[in-house]
Amino acid sequence: MDLVANHTSDQHLWFRSSRSSRTDPKREWYIWRPARYTETGDRMEPNNWVSEFGGSAWEWDEVTQEYYLHLYDPGQPDLNWENPDVRNAVYEIMEWWIARGCAGFRVKYFQQLLLERFAFNL
């Protein structure tokens, strides 16, 4: 079975909770960052990362006034694998499939999972 554990849909309940409030418990399940501002006060993305599909890898969220990271499509926000709750939730999903006879996983986009730890400080 293909396992894409780098991101979820922006319609997933986890992300919908995450973007509902800066204090929501699921907030730290995704990579959120405040805007940077120019000297004239213009809002800018947290850094210059580019999405695999082109354009910025950051999407502005009007509700919480922060950017979330999406290395692919804006509808696919990246999970924060530094958060142990995220890892445990994905492991539970894997265990659920194994209990139903799944013989293994092909993990896609694995290189993105520890992005923050190895790339640079966001």
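**Close-up views of rings and charges**

**View 1. Arg side chains over Trp rings.** The charged end of R27 is placed over the ring of W32, 3.6 Å from the ring centre. R43 lies over the face of W60, with 3.9 Å to the ring centre. The model is predicted.

**View 2. The F15–Y68 ring pair.** Nine aromatic pairs occur in the structure. In one of them, F15 and Y68 have ring centres 4.9 Å apart. Their planes meet at 70°, so the pair is edge-to-face. F15 belongs to helix α1 (residues 13-18), and Y68 to strand β6 (residues 66-69). The pair therefore ties together parts that are 53 residues apart in sequence. F15 is buried, at 0% relative accessibility. Y68 is buried too, at 2%.

**View 3. The W96–W97 ring pair.** The ring centres of W96 and W97 are 4.8 Å apart. The planes stand at 90°, so this pair is edge-to-face. W96 is partly exposed, with a relative accessible area of 42%. W97 is partly exposed as well, at 33%.

**View 4. A cluster of rings.** F15, Y30, W32 and Y68 are linked into a cluster by ring pairs. W32 is also the residue whose ring lies under the charged end of R27.

**View 5. The D61–R19 salt bridge.** Three salt bridges are present in the structure. One of them joins D61 to R19, and the closest N and O atoms are 3.0 Å apart. D61 sits in strand β5 (residues 58-61), whereas R19 is in the loop between α1 and β2 (32-33). Buried or partly exposed: which is D61, and which is R19? D61 counts as buried, at 3% relative accessibility. R19 counts as partly exposed, at 24%.

**View 6. Salt bridges at E66.** E66 forms a salt bridge with R27, the closest N and O atoms being 2.7 Å apart. E66 lies in strand β6 and R27 in the loop between α1 and β2, so the pair ties together parts 39 residues apart in sequence. E66 and R27 are both buried. E66 also forms a salt bridge with R22, where the closest N and O atoms are 3.9 Å apart. R22 is in the loop between α1 and β2, so its pair with E66 ties together parts 44 residues apart in sequence. E66 has a relative accessible area of 11%. R22 is partly exposed, at 47% relative accessibility. Shared partners join R22, R27 and E66 into one network of salt bridges.

Note on methods. Residues are numbered from 1 along each chain as its sequence is written. This is a predicted model: local features need pLDDT of at least 70, side-chain atom pairs count only at pLDDT 80 or more; totals for chains, interfaces and linings use all residues. Side-chain values use heavy atoms; hydrogens and water are left out. Rings of Phe, Tyr and Trp (its six-membered ring) pair if their centres lie within 6.5 Å; planes under 30 degrees apart count as stacked, over 60 as edge-to-face and the rest as tilted. Helices (H or I, at least four residues) and strands (E, at least two) are DSSP runs, numbered from the N terminus. Buried means under 20% relative accessible area, exposed over 50%, partly exposed in between (1.4 Å probe, protein chains only). A charge sits over a ring if NZ of Lys or CZ of Arg is within 6 Å of the ring centre and within 35 degrees of the ring normal. A salt bridge is a side-chain nitrogen of Lys or Arg within 4 Å of a carboxyl oxygen of Asp or Glu.
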